[in-house]
Amino acid sequence: MSECPLDAFDISASRLIRAERADVFKFLSDLENHWLIADRFVEVLELDGPPGARTGGRVRIRGPLGVRRTARTRVDYARPFEEMGGSAQLTDATSAQVRWLLREDTDGTVVTLAALVDRAGHLDRLLLAAGGMAWMRRRFANTLESLDARLSTGQA
């Protein structure tokens with residue numbers, strides 16, 4: 001499989017979340033909560049680690065035209081109230097780094113969800129170039145919209 005330069009596919013979305021940064025971080029720190037805000041295109045297959053201290057898992061992403069990709073995810077680091085990140089490994093040697101960045105704002109917290117594809121197999125390279133990057137940006141924007149709805153209404 002050919003490799004992509006580290007900055008070849010940068011996918012991100014940002015949104016003001018109407019909640020305190022500590023509350024956003026607390027919610028995102030519990031990996032089980034991520035599935036509460038993922039849209040219908042993400043299916044959790046399994047989670048690793050004990051409840052309340054999950055370390056990763058396996059998810060299936062359903063894309064346009066019936067495309068399905070399975071990813072093994074892992075939490076790699078967390079800097080309280082600022083950032084958390086991890087990695088996703090797909091079955092065909094495609095891998096990505098995923099980050100949640102939290103920046104305090106007078107009206108709440110600006111959250112950025114970003115992925116950097118550092119290796120892409122032939123199929124994923126084709127999918128990303130043929131609109132997959134824009135599709136993923138929309139998925140990230142929807143996830144942030146769900147996060148805002150959940151935290152601003154106290155559903156956390």
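Predicted model: local features only at pLDDT ≥ 70, side-chain atom pairs only at ≥ 80, totals over all residues.
Visitor: How many helices and strands does the chain have, and how are they defined?

Guide: There are three helices and seven strands, where helices (H or I, at least four residues) and strands (E, at least two) are DSSP runs numbered from the N terminus. Read along the sequence, these elements follow the pattern β-α-α-β-β-β-β-β-β-α.

Visitor: How do you know that the chain agrees with a compact globule?

Guide: The radius of gyration is taken over C-alpha atoms, and the globule rule is 2.2 Å times the number of residues to the power 0.38. For 156 residues a compact globule would have a radius near 15 Å, and the chain has 15 Å, so the two agree. Along the principal axes, the C-alpha atoms fill a box of roughly 45 × 30 × 30 Å.

Visitor: Why is Phe25 called buried, and why is Phe81 called partly exposed?

Guide: Buried means under 20% relative accessible area and exposed means over 50%, with partly exposed in between (1.4 Å probe, protein chains only). Phe25 has 9% relative accessibility and therefore counts as buried, whereas Phe81, at 40%, counts as partly exposed. Leu65, with a relative accessible area of 87%, is exposed; this residue lies in the loop between β3 (56-62) and β4, and its phi is near 60°, a positive value in a residue other than glycine. Across the chain, buried residues make up 40% of the 156 residues.

Visitor: What makes a set of residues a nonpolar core, and which members of the largest one touch the most others?

Guide: A nonpolar core is a set of buried Ala, Val, Leu, Ile, Met, Phe, Trp, Tyr and Cys residues joined through side-chain atoms within 4.5 Å. The largest such core has 24 residues, of which Val24, Leu28, Trp100, Val111 and Leu147 touch the most other members. At least two residues each are supplied by β1 (9-17), α1 (21-29), β6 (95-105), β7 (108-119) and α3 (122-152), and the largest share, six residues, comes from α3. In soluble globular proteins, nonpolar side chains tend to be buried together.

Visitor: What is Val24 in contact with, beyond residues up to four places away in sequence?

Guide: Contact means heavy atoms within 4.5 Å, and on that basis Val24 touches Ile17, Ala19, Leu102, Thr109, Val111, Leu147 and Leu151.

Visitor: Why is the pair of Phe41 and Trp135 called edge-to-face?

Guide: Rings of Phe, Tyr and Trp (its six-membered ring) pair if their centres lie within 6.5 Å, and planes under 30 degrees apart count as stacked, over 60 as edge-to-face and the rest as tilted. The ring centres of Phe41 and Trp135 are 5.2 Å apart and their planes stand at 80°, so the pair is edge-to-face. Phe41 lies in the loop between α2 (31-37) and β2 (42-48) and Trp135 in helix α3, so the pair ties together parts that are 94 residues apart in sequence. Both Phe41 and Trp135 are buried.

Visitor: How many aromatic pairs does the structure hold, and what is the pair of Phe25 and Phe81 called?

Guide: The structure holds two aromatic pairs. Phe25 and Phe81 form one that is tilted, at 5.6 Å centre to centre and 55° between the planes. Phe25 is in helix α1 and Phe81 in the loop between β4 (68-79) and β5 (83-90), 56 residues apart.

Visitor: How do you know that the charge of Arg139 sits over the ring of Trp135?

Guide: A charge sits over a ring if NZ of Lys or CZ of Arg is within 6 Å of the ring centre and within 35 degrees of the ring normal. The charged end of Arg139 sits over the Trp135 ring, 5.0 Å from its centre. Arg139 is found in helix α3, and its relative accessible area of 13% means that Arg139 is buried. Leaving aside neighbours within four places in sequence, Arg139 is in contact with Asp39 and Phe41.

Technical notes:
Residues numbered from 1 in each chain as written. Heavy atoms only, no water.
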